[in-house]
Amino acid sequence: MHLRVKEIERDESLGIIRKDLTLDGFFSFQSPLRATKFLKPDSFLEKHSRANEIVKRIDDEILNSLEEGASSRIAKEISLNFKKDNMNLVIFNLTVDKIPSKNKICTLAHHLYASSQASIFLPAVRTTLFKEGTKITEKRIQQYLEMMRTIISEIKAVGNSKVLIGTVPLLAPKYSRSIINCYQEFGINAFSIDGNTSDLLTHEADFRSILSSINGKTPLNKTLIHACNLGYPQFEQEETRADDFLSIFAYIDILGGTFKIRGIPKGNPRLKEFSRMNYSYKILAPSAFPPNELKNSNQIEQLKETQTVQQLVGEERIEKYIQQKSKVDEIAINRLKSIAGRVKID
């Protein structure tokens, strides 16, 4: 099975490309796009969703249950969440603090294959998996790479007919480069950048290095780039710029959701409302909306805005369009232009 990626239009100053993304028999849509997750029924999402995220937390207890034969039941439960004519992204959020045994990794690989529809999203992991104490080390990175090689090899050994998506954590270039090189050795040319709740625009050098490493083997206009768990500036006032959404102007084709927590929650989590007019999040009182209702509203508004932006690419200068958004300042635009200008695409 082959994912076809075709450039339609691109912007002359920012890193945004309108592409056709097609996998025969499963989905066909244009980017950029906001991926959605089912939170509550909604007619707009039913009609317009094209990338559907299904997140499954995998901890030590789940790994043990898979070893004992729970895979078929869990895979069936996951499949009930598939949407027709969508890119159904089954995301395993691996929450262990150390690499599992090889037997458990192999079992996880086969469970991932059985649970996935047309694309296989390699597991997301916690940042602590890369650390010895408080520091990321080369030893832990190599252990992570060995786990990913085992998962990919185990899938391919039995026969793979699905598209592999390599998960790339937002790490320093010397680490992310080796991860991308590993995936590319297996012929993978679709990627998900896991921001681990960090702001891509304030980690410009690390983010740009990831894009450059991918682009070195497969041009970004022929590649699928998904991103999830993106952050935004810490709230200092009642409204802050939506840097996670602005990432669609930095070569992100599919803007994913957030399934990781930033820091240790204190009290009631702050509710944030996305504004298409301002490209911002506004802080609301904890009791203003049920959390899932607000999250659903935010993803609907972001999906609508990506649809608007799609149609503008190649028709007018995107920089001029986003300058009209009150929270998009010169600093943000310069960062976006810097990313676009320094990642040269053939």
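## Asp244 and its surroundings

The side chains of D244 and Y281 are joined by a polar contact of 2.7 Å. The model is predicted. D244 belongs to helix α8, which covers residues 243-246. Leaving aside residues up to four places away in sequence, D244 touches L230, G231, Y232, L255 and Y281.

Is D244 buried or exposed? D244 is buried, and yet has no salt bridge. K272 is the nearest side chain of opposite charge, 5.0 Å away, whereas a salt bridge requires a distance within 4 Å.

## Aromatic pairs

There are eight aromatic pairs in the structure. In one of them, F245 and F274, the ring centres are 5.2 Å apart and the planes stand at 45°, so this pair is tilted. Because F245 lies in helix α8 and F274 in strand β15 (residues 271-275), the pair ties together parts 29 residues apart in sequence. Both F245 and F274 are buried.

F249 and Y279 form a pair with ring centres 6.3 Å apart and planes at 25°, so this pair is stacked. F249 sits in the loop between α8 and β14 (254-255), and Y279 in the loop between β15 and β16 (280-284); the pair links distant parts of the chain, 30 residues apart. F249 has 0% relative accessibility and therefore counts as buried. Y279, at 0% relative accessibility, also counts as buried.

## The ring cluster and charges over rings

Which residues do ring pairs link into a cluster? The cluster consists of Y232, F245, F249, F274, Y279 and Y281.

K272 lies over the face of Y281, at 4.1 Å from the ring centre. K162 lies over the face of Y113, with 4.1 Å to the ring centre.

Methods:
Residues are numbered from 1 along each chain as its sequence is written. This is a predicted model: local features need pLDDT of at least 70, side-chain atom pairs count only at pLDDT 80 or more; totals for chains, interfaces and linings use all residues. Side-chain values use heavy atoms; hydrogens and water are left out. Helices (H or I, at least four residues) and strands (E, at least two) are DSSP runs, numbered from the N terminus. Buried means under 20% relative accessible area, exposed over 50%, partly exposed in between (1.4 Å probe, protein chains only). Lys and Arg count as positive and Asp and Glu as negative; His and the chain ends are not counted. A polar contact is a pair of N or O atoms within 3.5 Å; within protein, one must be able to donate a hydrogen and the other to accept it, and residues adjacent in sequence count only if both atoms are side-chain atoms. Contact means heavy atoms within 4.5 Å. Rings of Phe, Tyr and Trp (its six-membered ring) pair if their centres lie within 6.5 Å; planes under 30 degrees apart count as stacked, over 60 as edge-to-face and the rest as tilted. A charge sits over a ring if NZ of Lys or CZ of Arg is within 6 Å of the ring centre and within 35 degrees of the ring normal.
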